[in-house]
Amino acid sequence: MPLSAGKANFGVDEVLLLKAYRLPNINPSKWEEIDYDAEDVPSGFLATSGTDNDGDPLGLGAVIDLTGLDTETRSAVSISSKAFDPKVFLSVAHPNAAYQDLVAGISNLQNSIEARSEQIRILVEDNFDRFVAVKASTDALYAEMREGLLSDSSELASRPLTDCLKRAAVKANQVFLPVLENSAKAQKLRTTLSVFERSKFFFSLPGTLVECIEAGKYEAALRNYNKGKFLLDSRPGQTILVDSGEGKPASSAELQQKRILERVWSNVEKVMSEMKLQLLSKLRESGRSAEEQEKIIEILLELNPSQDPIWTYFDSHHSHVLDKMNATYRAGLANVRTISEQDSPDTSELDALNASLASQLGLCLTTLDSKQADLTIPQGRGHEAWETILELVKSLSEDLLSSLPNFWKIAKGFLDGKFKKPTSSRRSAQQCRQMALDIVKLYINLLSEFFILSEAAVTSPTNSGGKLPPFIPVHSNSVTSAHYIIKILIEMQDCANEVTAMDIVKEAGVSLKGFMESARWKFTVMLIRAWLRDANLLYHLESWTPSMTDSSVTQYMSLFEMLQRHMTLSALKIAGGVDLTTTASSLRTIQQTQLSPAFTNKITRAFLDAVYAFLDGLIHLTSSHLPVTGERAATLTSRSSDFRDANTRVLLVLSNFAYLSSTLIPNMMSQLESVFGTSAEADRKTLVKVVQELDKTLFDGYIKPKAAAVASILKEGILDPDMDWYETPQPTEIRPYMYRVLMTLVGIHAQVSHVAEGLLDRVIYALVDDAAEEALRSFQQVKRFGMGGMLRATLEIEFMHQTLARYVSPLAAKTLSELYTKISQAYARRLTDDNLQSNLDSVKKILAESRRATGIEFMCFRQPKNKGSSKSTGGKSRAKGTERPTGERRPVPQT
């Protein structure tokens with residue numbers, strides 16, 4: 001709006017504008033906030049509206065432009081302001097006025113003041129009555145109020161108001177003070193939150209670390225810690241932004257910031273200290289993987305703990321593994337001792353114990369090549385003790401293999417420089433290698449203590465093996481023992497192989513190799529003792545049942561062959577000649593490695609000793625005092641033959657001897673030579689010779705009583721006192737004694753044919769040889785024969801000869817030839833002895849009739865028409881030319 005001459009022109013409502021923005025003027029040059037309620041601001045000047053009364057008081061007609069003035073100048077220029085300054089007014093409103101103008105202005109100002117004073121006087125005069133009336137009314141009202149409302153007792157009527165205000169203040173305090181306090185708190189919280197928001201990471205660092213630790217995120221916790229530490233060290237002023245506020249010095253904000261930083265970081269360090277303790281605790285735990293432990297070590301090394309984490313791990317785990325293995329061994333040893341005491345056999349009844357042991361052995365042997373072997377063999381007597389021992393070895397091996405690989409992996413990483421070595425540590429890194437070696441040696445020592453192992457036993461083959469472990473079940477059969485010994489050795493070998501593969505230190509490999517050699521030797525000794533014991537008891541398993549492949553021998557021979565084969569193969573496995581896990585059951589098909597001479601000699605000697613023990617058992621089976629009770633009694637009486645008869649058992653044993661000599665021993669010795677790659681010809685010959693000697697002794701023992709009975713009958717018949725060989729008439733029949741001889745042989749033939757047909761030829765040949773010898777001896781005692789005596793002797797001997805012609809050996813034929821010659825030579829011819837040829841013809845007729853009459857009785861002595869030769873497993877084979885057709889003419893005495 002255009003300005004009038006002599007009028008102030010603001011253009012806008014400056015009062016509202018300045019108050020609203022708290023500005024000092026319309027055109028400020030710097031930031032400034034003015035509190036118009038507190039400052040001495042000319043209210044009249046701010047309220048000037050630009051009326052005529054507000055024009056130039058000097059009346060010089062100048063235009064006063066206040067829009068560009070600041071507050072102080074405007075107050076000094078405004079005539080209504082208490083701060084009015086004439087000098088400022090003149091310098092602003094009339095800076096260029098001449099003196100005459102100012103004099104004229106003073107005159108105009110005086111005239112204006114006088115005019116106003118006159119106006120006021122007139123106004124007072126015109127309204128004087130009113131002033132008086134108002135004054136009187138005011139005095140009367142005041143007096144009345146002093147007496148009543150404004151009395152002193154009512155404190156000028158302010159007491160009720162004061163009381164009301166006090167009550168209102170109390171009520172207001174009750175109502176609004178909490179609100180105001182909460183508002184103040186909210187304001188503080190907003191301020192704090194704003195600070196937290198700007199420094200959110202740092203303030204939340206303790207909580208973040210706790211969450212990471214609780215979640216097991218230790219690497220994340222370490223990253224956050226390192227980040228916070230970096231911010232704290234490099235930019236402390238930017239970590240926490242604290243507003244100092246108006247009127248507060250900057251040093252106060254810095255102190256406050258420092259206190260906050262120290263408090264927050266102290267919490268961080270406290271959390272990290274707890275994390276260190278937690279990680280150190282986890283580092284001592286044994287069930288963690290090597291990778292996890294390596295991470296823990298790396299984290300702890302970053303945190304620079306007071307304890308060296310690497311040696312904390314080594315020391316704690318070294319001690320833990322040693323303690324655990326010792327505890328496992330003590331617990332396992334206690335279990336073995338308990339089971340051994342509970343399962344200890346009653347040694348007072350040795351025969352019953354041996355019979356029970358043999359029964360278990362037989363059950364295992366019969367199922368050896370069947371699918372039931374895996375169920376039967378591990379359940380043999382004493383298996384509880386074996387399983388407890390196996391569990392002891394397994395537990396120690398598991399303790400070693402569950403701890404040592406992780407321990408050595410970390411130790412190897414430390415030796416290779418994988419971890420940062422603490423500067424404060426003075427311990428040699430090679431010490432961890434010794435710790436690993438200590439663990440291996442403890443494993444070796446504990447098992448060596450239990451099994452009483454000694455390297456001297458291997459280096460000194462003459463040593464029998466030393467003392468056996470006290471808790472080995474002695475009442476366990478050799479097959480079951482071999483089964484568990486191999487399983488125990490497999491556990492030990494697997495453990496030793498894994499430890500050796502770690503390549504900890506050369507000494508560990510050497511110690512484990514010596515340990516396994518000692519274990520193999522001790523286990524071989526243990527097996528051989530059980531083997532030989534069972535070989536001595538094997539005769540208990542003779543059931544006299546014919547073999548399915550050869551009825552001339554008993555199944556007992558196959559049991560012995562299985563025992564020898566299985567024990568030899570087991571010994572080879574234990575000694576290291578055959579892989580422990582092989583399932584081959586034949587010695588000819590196994591893949592083997594070279595054995596040391598000590599093991600070869602040990603196993604070979606055990607094999608031969610077992611054969612000799614078996615031979616002793618065969619001899620024992622022929623004893624007439626052999627007890628036949630229980631299962632054996634039921635078996636022996638289940639067949640037509642009475643095996644309680646010693647003669648029956650002798651025949652079967654002889655038949656088995658024949659099978660041993662001809663088949664079993666050569667086969668077994670050949671397999672043994674093939675396995676060990678050595679020649680056992682001397683042992684083979686010795687063994688065969690022993691078998692033959694035993695066979696001869698046993699055969700002679702069987703034949704002599706039979707031959708004596710036949711010889712007794714022959715002797716009684718030939719040297720009968722009532723028989724006069726010179727005077728006896730021409731024979732008309734064969735005397736009964738010869739039938740008795742032949743019937744005795746028939747009985748023997750029947751027994752041998754039924755029990756051991758393979759021995760038939762050998763037995764009858766031997767008896768015929770003895771009968772011919774006895775006949776010769778008896779007839780040599782006859783001084784002379786008459787015609788009748790000569791014909792009778794010839795008839796009886798010829799009858800026996802022709803009847804037994806199939807079994808006449810060259811020796812018997814020679815003896816009979818001598819006998820015929822003796823009869824011919826002892827014939828004393830008389831003058832009346834004529835018609836010799838007709839008498840011989842008569843004798844031949846009697847011989848033929850007698851042969852026909854006894855053909856059925858003595859049919860057993862005839863050569864079978866459908867067989868070229870009789871069966872024989874070991875009897876003496878008949879030489880060619882010993883058979884003579886029936887009716888062959890004998891030498892005729894000279895006339």
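Helix H6 supplies the largest share of a nonpolar surface patch, three residues. The model is predicted, and residues are numbered from 1 along each chain as its sequence is written. Local features need pLDDT of at least 70, side-chain atom pairs count only at pLDDT 80 or more, totals for chains, interfaces and linings use all residues, and side-chain values use heavy atoms, with hydrogens and water left out.

**The nonpolar patch**

The patch covers about 470 Å² and is made by Ile 120, Val 124, Phe 128, Phe 131 and Val 132. Patches are built from residues with over 30% relative accessible area and no salt bridge; like charges are joined within 9 Å, and nonpolar side chains (Val, Leu, Ile, Met, Phe, Trp, Tyr) within 5 Å. A salt bridge is a side-chain nitrogen of Lys or Arg within 4 Å of a carboxyl oxygen of Asp or Glu. Areas come from the Shrake-Rupley method with a 1.4 Å probe; for residues, only the protein chains shown count as cover. Helix H5 (99–126) and helix H6 (128–147) each give at least two residues to the patch. Phe 128 is found in H6.

Buried means under 20% relative accessible area, exposed over 50%, and partly exposed in between (1.4 Å probe, protein chains only).

| Residue | Relative accessible area | Class |
|---|---|---|
| Cys 164 | 39% | partly exposed |
| Cys 495 | 1% | buried |
| Phe 128 | 49% | partly exposed |
| Thr 803 | 4% | buried |

The structure holds zero disulfides, a disulfide being a pair of cysteine sulfur atoms within 2.5 Å.

**The surroundings of Thr 803**

Thr 803 lies in helix H28, which spans residues 787–803. Leaving aside neighbours within four places in sequence, Thr 803 is in contact (heavy atoms within 4.5 Å) with Leu 742, Arg 851, Phe 858 and Phe 861. With Arg 851 there is also a polar contact between the two side chains, at 3.4 Å. A polar contact is a pair of N or O atoms within 3.5 Å; within protein, one must be able to donate a hydrogen and the other to accept it, and residues adjacent in sequence count only if both atoms are side-chain atoms.

**The whole chain**

The chain has 30 helices and zero strands. Helices (H or I, at least four residues) and strands (E, at least two) are DSSP runs, numbered from the N terminus. Of the 895 residues in the chain, 44% are buried. The chain exposes about 47500 Å², and carbon and sulfur atoms supply 53% of this area. Among contacts between residues at least 6 apart in sequence, 77% join residues at least 24 apart.
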